[in-house]
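Subject: Structure handover

Hi,

Here is the structure for you to look through.

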Amino acid sequence: MSASTTLFLSRAIRCSTSHCAALRPSPSFADFRSRSLTLVRQILPAARSAPVQLRRTAVSVVQMGEVADAAMDAVQRRLMFEDECILVDEEDHVIGHDSKYNCHLMEKIEAENLLHRAFSVFLFNSKYELLLQQRSATKVTFPLVWTNTCCSHPLFRESELIEEDCLGVRNAAQRKLLDELGIPAKDLPVDQFVPLGRMLYKAPSDGKWGEHELDYLLFIVRDVEVNPNPDEVADIKYVNQEQLRELLRKADAGEEGLKLSPWFRLVVDNFLPKWWNHVENGTLKEAADMKTIHKLA
């Protein structure tokens, strides 16, 4: 085997053992990975005379890329590698940024205690019914679970890093409600979002993926026209408090395969009934407590 082949495969070993797929990617990361995998495939036939461990590692590099591509559709893969989440400490101080991919790998969450900023929107109509969504089957974390209106992340960009009055998070919520549910920004003025609290939680999804978030809880009361994006949302429904209780009962009983997102369940169990009463009474701002960070299991 040539020296150049040995060098390439040695680099492949180092890349695989340090989980190169989890490194922060540039916008051209997918192209780089594709070219790398092509090179490995071209080299494999020439590597038959290489040591057994070297050959096995080269094969594992190819398989790693193929499995990652098979498990993620194109839209979710783009978001995972291009979106940069805001890393924070447990007091919500910004300490850096990393790819959405890295922030949701349980291995990195556990090893590096990666914690990122997030938001959860609860949108009510004028009948004081809460809009729920079922996450798309193609979502990497918690596919097909039912959850609150919109759940996502402010990104590491100037407009979504503004701390004053939670403006960065509210800007992100406005952006993502358009992306997921097709609600135009003009129908959701940022000053109408009411930040009620923050919670910190960790939740594994499937062994590989999970969440570790410092989550801003935003409430808003607006009548809107909804046009769900099928890449993000499988279904939607409005529920009143009684209908939500029935949804919880079914989820607890395992009926109809119904599952709820862990962050939504934490909000329901710890805050929602009281806050829903404030929605109906028009006293939401009286319920706000943005000084406390609720650390929930």
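This is a predicted model: local features need pLDDT of at least 70, side-chain atom pairs count only at pLDDT 80 or more; totals for chains, interfaces and linings use all residues.

Residues are numbered from 1 along each chain as its sequence is written, and side-chain values use heavy atoms, with hydrogens and water left out.

Overall make-up

The protein chain has 11 helices and 10 strands. Both are DSSP runs, numbered from the N terminus: helices are H or I with at least four residues, strands are E with at least two. Of the 297 residues, 49% are buried. Buried means under 20% relative accessible area, exposed means over 50%, and partly exposed is in between (1.4 Å probe, protein chains only).

The chain exposes about 14,300 Å², and 51% of that comes from carbon and sulfur atoms. Accessible areas come from the Shrake-Rupley method with a 1.4 Å probe; for residues, only the protein chains shown count as cover. Take contacts between residues at least 6 apart in sequence: 70% of them join residues at least 24 apart. A contact means heavy atoms within 4.5 Å.

Aromatic rings

Rings of Phe, Tyr and Trp (its six-membered ring) pair if their centres lie within 6.5 Å; planes under 30 degrees apart count as stacked, over 60 as edge-to-face and the rest as tilted. The count by this rule is 9 aromatic pairs. One of them is Tyr101 with Trp209, an edge-to-face pair at 5.3 Å centre to centre and 90° between the planes. Tyr101 is in helix 5 (residues 100–103), while Trp209 is in the loop between strand 7 (194–204) and strand 8 (210–221). The pair links distant parts of the chain, 108 residues apart. Both Tyr101 and Trp209 are buried.

Tyr201 and Trp263 make a tilted pair, because their ring centres are 6.5 Å apart and their planes are at 40°. Tyr201 is in strand 7 and Trp263 in helix 9 (residues 262–270), 62 residues apart. Tyr201 and Trp263 are both buried.

There is also one aromatic cluster formed by Phe122, Phe124, Phe219, Phe264, Phe271, Trp275 and Trp276. Separately, the charged end of Lys237 sits over the ring of Trp146, 4.7 Å from its centre. That label needs NZ of Lys or CZ of Arg within 6 Å of the ring centre and within 35 degrees of the ring normal.

Charged pairs

The whole structure holds 17 salt bridges. Each is a side-chain nitrogen of Lys or Arg within 4 Å of a carboxyl oxygen of Asp or Glu.

Glu90 bridges to Lys295, with the closest N and O atoms 3.2 Å apart. Glu90 is in the loop between strand 1 (84–88) and strand 2 (94–99) and Lys295 is in strand 10 (residues 293–295), so the pair ties together parts 205 residues apart in sequence. Glu90 is partly exposed, at 33% relative accessible area.

Glu232 bridges to Lys139, with the closest N and O atoms 2.6 Å apart. This pair links distant parts of the chain, 93 residues apart. Glu232 is buried at 2% relative accessibility. Lys139 is buried too, at 9%.

Asp269 bridges to Arg265 at 3.2 Å between the closest N and O atoms. The two are about one helical turn apart, because they are 4 residues apart in helix 9. Finally, Asp92, Arg117, Glu163 and Arg198 are linked in a network of salt bridges.

Best wishes
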